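User: I would like to go through a structure with you, one question at a time, with the cut-offs behind each term spelled out.

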Amino acid sequence: MSTPSRVQSKAATPGGYAQVMAGSGLLRRAAGGSRLQRATGRGALKRWAMRAVLAVVTLYLLWRLLLVAVNTVTTAMWFDSVQAGRVYQTMIEARILLFTAFAVVGGLVGGLTILTVRRIRPLPISPDNDTFRWSFRKYEPRFYRLVNLLGVAVPAILLGSRAQAAWQVYLLWRHARPFRTTDPLFHKDISFYTEVYPFHQLVVTLLLQAVRYGIWIAVIAGYWYGAWRLRRGRRKVTKEITRLVSALLAAYLVLTAYNYWLSRYGLVTSPRGPVTGAGYTDIHASLPGRYVMVAVAVVCAAALVVNAVRVHRFRLLGGTVVVMVVAAQLIISAVPGLVYHYRESPSAAKVDLSEIADNERATRAAFGLDGDISTVGFDSAHTVDAAHVVQLAHATAQASVIDPNQMSPTFNVKQQLRAFYSFKSTLDLSHYDLNGRSQDVAIAARELGGSAIPQPSWVNSHLVYTHGYGVVAAPTTETDPTTESPVFLDGGMPPAQQIKVTRPQIYFGQGFGPTSYSIVGQPTGSKVELEFDHPGSNGASKSSYTTYRGRGGIPLGSTVRRLLFAVQLHSPNVLFSSEINRASRLLMVLNPRARVAKVAPWLTLDGDVYPAVVGGEIKWIVDGYTTSSNYPDSQLTNLRAASATTLTANGASVAQPSSQVNYMKNSVKAVVDAYTGQVTLYEWNQQRQPDALLKAWESVFPGLVKPQASIPPALLSQLRYPTDLFNVQRTLLAKYHVAQPADFYSGSDFWTVPSDPTVSSSINSGASSGTTVPLPAKYMSLSPTGYGSSQYTLSSPMVTLNGRALASFVSVDAEPGPNYGKFTVLDFPSSSETESPSQVQNDIESDTTITEALTLQRGGNSSVVLGDLEAIPVAGRMLYVEPVYTQSNGGTSFPILRHVIALYANGRPSFDNTLGRAITDAITSMAGRG
């Protein structure tokens, strides 16, 4: 029987209906219970999923906080290891203060705004026409705390993070020191622009950003909470949201008024005119325009305050914003543009002369060009007989046949000793007193190259192969006549040591990468020597091992410290390795330039870090600059472009950041011990060129920079004039040697830095590549005038704007002493038609004798490599010297000296096997022509 029949039959019996109804109720309850069970199960699953997500997010945040804490603690340990713990403490305190202060501001603005929006009575919202906002309002009570939290936390974190990044600006403002020189427009001390004004700009910018966050929150949250809407092109806005936005915009315009007031001081570095500084348009249009905009902003802010308090009209709010925008466009942009186009530009040769004069004075002062610069008219009227010129050339100049850009492979092959050692791609030039005479030398540290470590493993990479060994040096003026390779003063194993090195281990060097680290050291009395020191002497198979005995690095004796650095270095081996003991020390941040940058981040560092042997110990010397882009009227200069040379193009020298500077002083010499890693900063040249920025930083970090008088004499003799500063100064001297503003404006007497002729040489590149790279300045002992005694100088030729003729020869005394930093400018008259380096190179490559000889040299499996073209003033004319190397095309080939080319004045180039004969032939052949 079917189920309906059974039900009908039961219903016909007495009590059957009741039974059926009871059964139906049971069925309904069972079905309802099943649905409830399913719903409960789904709800539980959602709750567990939410809890899981929350747990994952919480764990992630805790992990990030742990990493931040570990990084902070381990960084503090590193600073303590270099006796600079107070430096890190000052940085952290400043960052915490700035973050807290502006996070509070951002949080208050955001929090008050979101609370105000939530209290606004909303416009009617229909679920039919506005589904999303209706759903948001329906479920908002469940997550309103999250909305409030986001309204406070997001502006707080964003604003605080931006503020703490500007800790240097804050500290410089707090410890400002006067320059005791004022600008010609506002008559304020220069320190106001370089140290005070940037902090005022920072504060106003951050406060404006905080108010912008408030406006964004008001508009976005106001939409979702129903304070305003836009439907079918028609808007509707509540009075409460109009009042709130009006108040926020009023605050924004008050800050904008102050910002316009501050921006007046920015006109002293205006780039509008022919030079940096306040020009005609800036003074007669932009400056009055700032005053007008201050008044406009204040009036508009007052109107918005009235609107917020009494009127509550959206049209008034919008109209005020329109007035402000239109006024800014007219007064700040349009009017100065018209004045410049129709008044200043057509008459710049007259109206901008005072600006140019101020710019010239300021630029020379800001870049150290207002001191001892001697300009000498250079001609051949006093030229003596050829024999005396030859004697003068050999006596006053140490012409080089060792090109530091080309001879590093030769150092590698001859002195590498093991594949895991390497030398810098470009050798460094220095000078040492040898046998009672100052000798120019090419020098390089034999550093550890991690990529060639045998059987690489964590132990080998970090515990065994930990350091390089010794330096290799050779005079720049000669080669071995038998091997045609450098005559090594220091090198080999056992090492020859005409420059005595008593502690040759190099634990800190330029070859180490940013993530490199070593773990060294054994307990006192231990006979275990795990670290590879150097290969055996005279080809012996038994190598020498050693143990680090210095006090550098971070002690790793405790388990807690090992755990911290295992996390920091992402290496569990630091925690679990049995080779690490209670006396182990962690050496990290091994690159000397990176160490100085970490200890003194307020310095701009020279790109050329060089080694020096000081009292038998190997030191790394890093030149530090104080820089600014706010020096009034000084010419803004791109630091990277002005310091770029062949060395930065090929990576031998670190390129400077592409930033604008108009103040640069070499006020700090930094020294890093290659064994201990200790960083020592010394004041430099403060008696001749006092630096207020340095004094301010010394006030921020007392005791960090030691006085110049404390420099040991052995170290003092190895200091030199820095490369990047000279490159920037020669770039500026190309224009700023012109004294008269009218001549400066015409630009007809400007010079330019010559391109490196060997880069685009058809011999070096196979075919003329057309590549132009600025010629690097050259360290060399020579006579700056071509007649007097020899000095260790940094020098560079300068050419006319068309690059065809030599315009001048600029040199600076690079050796510490009474004449350190003295510039000598040999000014060639335009009538002399002295050839530029590129023209000289063209003469060399066009000489049939030379080209035929080089063609023969290129035969077989060899190639010809030209060294750098050196310019040397001698007896009223220029002597050019260029070494010629040959190199086989094999994988382990290296250049050897084959010939030397010399050219005197505009004579024919000589071509010989030795430097001395090449110079003699060039001078005598020129004298014969004369």
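User: What is the strand order of the open sheet of three strands?
Analyst: This is a predicted model, in which local features need pLDDT of at least 70 and side-chain atom pairs count only at pLDDT 80 or more, while totals for chains, interfaces and linings use all residues. Residues are numbered from 1 along each chain as its sequence is written, and side-chain values use heavy atoms, with hydrogens and water left out. Strands (E, at least two residues) and helices (H or I, at least four) are DSSP runs numbered from the N terminus, and two strands pair if DSSP finds at least two bridges between them. The pairing in this open sheet is antiparallel, and its order is 13-17-16.

User: Which are the edge strands of that sheet?
Analyst: Strand 16 is joined to strand 17 (residues 585-588) by two bridges, and the two run antiparallel; Pro 555 has Arg 585 of strand 17 as its bridge partner. An edge strand pairs on one side only, which is the case for strand 13 (517-520) and strand 16 (554-555).

User: How many bridges does strand 33 make with strand 34?
Analyst: Strand 33 (residues 877-888) is mostly covered, with nine of its twelve residues buried, where buried means under 20% relative accessible area, exposed over 50% and partly exposed in between, for a 1.4 Å probe and protein chains only. Five bridges join strand 33 to strand 31 (residues 862-866), again antiparallel, and Val 864 stands opposite Thr 886 there. Towards strand 34, Tyr 885 is the bridge partner of Leu 897 and Val 881 that of Ala 902. Strand 33 and strand 34 (residues 896-904) are antiparallel, and the number of bridges between them is eight.

User: Which residue in the turn between strand 34 and strand 35 has a positive phi?
Analyst: Strand 34 is mostly covered, eight of its nine residues being buried, and three bridges join it to strand 35 (residues 910-912) in an antiparallel arrangement. Within this pair, Ile 901 stands opposite Phe 911. The hairpin has five residues between its strands, and the turn residue with a positive phi, about 55°, is Ala 905.

User: Which residues have the most contacts inside the largest nonpolar core?
Analyst: A nonpolar core is a set of buried Ala, Val, Leu, Ile, Met, Phe, Trp, Tyr and Cys residues joined through side-chain atoms within 4.5 Å, and the largest one has 185 residues. A second, separate core of 45 residues includes Ala 221, Val 245, Leu 249 and Met 293. In the largest core, the residues with the most contacts are Trp 602 and Tyr 904.

User: Which backbone oxygen does the side chain of Asn 662 reach?
Analyst: Asn 662 is found in the loop between strand 22 (660-661) and strand 23 (663-673), and it counts as buried because its relative accessible area is 0%. Leaving out residues up to four places away in sequence, Asn 662 touches, with heavy atoms within 4.5 Å, residues including Thr 269, Phe 367 and Leu 636. At 2.8 Å, its side chain reaches the backbone oxygen of Tyr 631.

User: Is Val 351 buried or exposed?
Analyst: Val 351 is found in helix 10 (residues 348-351) and, apart from neighbours within four places in sequence, is in contact with Tyr 280, Arg 343 and Glu 344. Because its relative accessible area is 17%, Val 351 is buried.

User: Which strand gives the largest share of the lining of the largest cavity?
Analyst: On a 1 Å grid over the protein atoms alone, a cavity is a set of points where a 1.4 Å probe fits but cannot get out, and lining residues have an atom within 4 Å of a point; points are joined across faces, edges and corners, and a volume is the space filled by probe spheres set on them. The count is six cavities of 30 Å³ or more, and the largest holds about 340 Å³ of space. Its lining has 28 residues, with Leu 429, Pro 776, Ala 777, Lys 778 and Tyr 779 nearest its centre. The largest share, four residues, comes from strand 27.

Technical notes. Polar contact = N/O pair within 3.5 Å; in protein donor to acceptor, adjacent residues only side chain to side chain. 1 Å grid on protein atoms, 1.4 Å probe; cavity = no way out; pocket = protein on both sides within 12 Å on 5 of 7 lines; lining within 4 Å.
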